[in-house]
Amino acid sequence: MRAARFHTWGAAPVVDEVPEPVRKEGEVLVRVEAGAVAHLDVTVASGEFALKPNPPYVGGVEGAGTVLEADADSGLTPGTQVVLRGGGLGIVRDGTWTERVSVKRKAVTPLDAPLEPAVAASFFVPATTAYVALHDVGRVEKGEEVVVVGAAGAVGAMVAQQALAAGARVTGVVGRADQLADVPEGVEAVQLGDTQSLERLAQDRSAALLVDTLGGDGLVGRSRWVRQGGRAVVIGYVAGPHVALDLPSWLLDEVALLPVNMIRAEHRAREVAGDLVRRLSSGELTVAVEKFGLEDIPSALDALKNGRVRGRAVVLPS
């Protein structure tokens with residue numbers, strides 16, 4: 001059986017022949033059909049994360065596949081399509097970049113509707129983060145104008161789609177011209193370099209809600225695209241972890257800066273995942289995926305680090 005393993009902190013993974021997993025009581029044996037390549041994989045592989053597996057270890061903190069074997073009282077039968085997530089996968093134990101894996105029952109979630117394996121492996125984070133950001137934190141309302149920064153990325157594109165479905169008018173902002181085509185249909189696409197369009201956003205201040213996936217020192221300026229009394233929801237910080245806030249100006253702007261903490265919202269994410277799966281299965285929502293083989297994981301990791309993945313990177317073990 002093949003698996004992509006990290007042998008040294010900070011080095012690229014290597015495809016090895018490894019022993020077949022042996023299922024223990026309380027575990028589920030799964031044929032892995034797709035494994036996501038996530039930012040957390042990069043963090044763990046750096047060796048600087050608080051939790052560390054013992055090298056060599058198989059990467060992959062998320063995945064999807066079908067059940068091969070499970071305990072009789074597990075509620076899972078062979079052939080069931082499942083999502084693999086949690087239980088220390090890819091963090092303190094071998095992950096999903098392999099052909100088969102035996103995992104704890106709590107790390108296995110059956111799908112409420114059928115999905116393509118690559119989508120099943122990668123939908124959870126962007127779809128549930130978008131839902132929590134829009135509905136639980138941002139409190140989006142029908143008819144509001146919403147600006148999504150990073151609308152071509154996996155999370156941003158999902159925010160934009162769900163905002164449209166909620167009846168909002170959506171503007172999607174992207175960093176590069178080549179990303180304009182990746183903004184979801186029905187969203188007005190704007191590039192950060194389009195000075196005229198950005199000036200219009202700042203002058204009109206007609207948006208009630210900003211959802212920002214970039215962070216960095218430009219966050220406060222982008223919050224001024226929102227009307228007074230509006231909300232700016234912050235999801236990520238890929239553009240930088242620090243923000244300088246001039247308190248008098250911020251008080252005058254009167255825009256609430258609201259954080260999204262998906263670690264604390266994990267239970268809520270699992271609550272809403274079933275409905276999101278059904279919407280993905282029906283085609284109402286979509287997740288863009290870029291597929292790689294096991295040998296191509298180093299390229300996938302490089303593309304992820306440099307912001308060059310269209311949607312989410314996914315490994316197909318076979």
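Biologist: How many salt bridges does the count come to?
Modeller: The count comes to 23 salt bridges, a salt bridge being a side-chain nitrogen of Lys or Arg within 4 Å of a carboxyl oxygen of Asp or Glu. This is a predicted model, where local features need pLDDT of at least 70 and side-chain atom pairs pLDDT 80 or more, while totals for chains, interfaces and linings use all residues. Residues are numbered from 1 along each chain as its sequence is written, and side-chain values use heavy atoms, without hydrogens and water.

Biologist: Which residue does Arg85 form a salt bridge with?
Modeller: Arg85 pairs with Glu266, the closest N and O atoms being 3.1 Å apart. Arg85 is in strand 6 and Glu266 in helix 8, 181 residues apart. Helices (H or I, at least four residues) and strands (E, at least two) are DSSP runs, numbered from the N terminus.

Biologist: Is Arg85 buried or partly exposed?
Modeller: Arg85 counts as buried at 18% relative accessibility, while Glu266 is partly exposed at 22%. Buried means under 20% relative accessible area, exposed over 50%, and partly exposed in between (1.4 Å probe, protein chains only).

Biologist: Which residues are linked with Arg85 in a network?
Modeller: Glu62, Glu266, Arg270 and Arg312 are linked with Arg85 in a network of salt bridges.

Biologist: What about Asp212, which side chain does it meet?
Modeller: Asp212 meets Arg222 in a salt bridge, 2.6 Å from N to O. Asp212 lies in strand 12 and Arg222 in helix 6, so the pair ties together parts 10 residues apart in sequence. Asp212 is buried at 0% relative accessibility, and Arg222 is buried at 9%.

Biologist: And why can such side chains pair?
Modeller: Side chains of opposite charge can pair when their charged atoms come close.
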